Amino acid sequence: MNQIDYKQLEILATDPEKFSEFEPESIYTPGFGERVNILSKQFHLIMQQIGMGLSVEPLLNNSPQLKAWVEKVQPIISTPAIAKSWNVSLQKLINNNLLVAQYDLIIEREERLIAIDWSIQHCPPSYQQLFASWQTQLRLFLLLENSSFSPEQIGISYLLVNSKSAPIYHFGYSRQQHERFKQKLESILLKLTKSEKDVASTTLSEFDDDASELNLKKFLNGELTTQEYIATVPEVEI
């Protein structure tokens, strides 16, 4: 079974041959497209502690930067809700492929389901780039597939806390978007299936060649009779 996140989908879409060479740093890399660093780890761990109701004041008092970021996120995480789920992983199995996406927070209200992602990336992508990205589209797709909400009732918001204005990019969803992405996804995963079949075929061919050579050696060494050896030779149509 293949475990696939948005980074691997990007590779399948652009250069399928490199898929087998890809070694993901982590399926659960925090933030949009950012490398894991100490400050990023600290920020995400603090947010998880807040989600568990633990005190983080001593940590924030020692880091004005982390404190400033938490204060920017506070109005969002304090929003009244029916339920709040922190550090969530959602999955869906399609054929032999397990699609995976990670969410910092999912807020469930009476008629809305909103995923939240906070990032300390200094130079975030544009609104259009973020919307079109595999990460956003996969997150919206899995959010709908794992809920009882309609497409129009779900969405995802990105909190870019390290930007001066700390913008919030919000993306809604629709049935049309969902079906379009599903078709795109199936098309991309077909490339993976074809690649795996090619590898399996090559491996089987190599195995058959090795077996033929081994049987020939056994025959030449007297370990197989002529009849036994002929029985191992595959028939070829003329």
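Gln3 belongs to strand β1, which spans residues 2-4, where helices (H or I, at least four residues) and strands (E, at least two) are DSSP runs numbered from the N terminus. The model is a predicted one, in which local features need pLDDT of at least 70 and side-chain atom pairs count only at pLDDT 80 or more, whereas totals for chains, interfaces and linings use all residues. Residues are numbered from 1 along each chain as its sequence is written, and side-chain values use heavy atoms, with hydrogens and water left out. Gln3 counts as partly exposed because its relative accessibility is 39%, given that buried means under 20% relative accessible area, exposed over 50% and partly exposed in between (1.4 Å probe, protein chains only). Although 89 residues separate Gln3 from Lys92 in sequence, their C-alpha atoms are 9.9 Å apart in space.

Leaving aside neighbours within four places in sequence, Leu185 is in contact (heavy atoms within 4.5 Å) with Leu9, Ile94, Leu99, Trp134 and Phe141.

The axes of α1 and α6 come within 9 Å and cross at roughly 120°, which makes α1 oblique to α6. Here axes are lines fitted to C-alpha atoms, for helices over the stretch in contact, with angles running from 0 to 180 degrees between N-to-C directions; angles under 35 degrees count as roughly parallel, over 145 as roughly antiparallel, 65 to 115 as roughly perpendicular and the rest as oblique. Tyr6, Leu9, Glu10 and Ala13 of α1 make the contact with Trp134, Gln135 and Leu138 of α6.

Elsewhere, helix α2 (residues 38-51) and helix α4 (residues 64-77) have axes that come within 11 Å and cross at roughly 40°, so that α2 is likewise classed as oblique to α4. On the α2 side Leu39, Gln42, Phe43, Ile46, Met47 and Ile50 meet Gln65, Leu66, Trp69, Val70, Val73 and Ile77 of α4.
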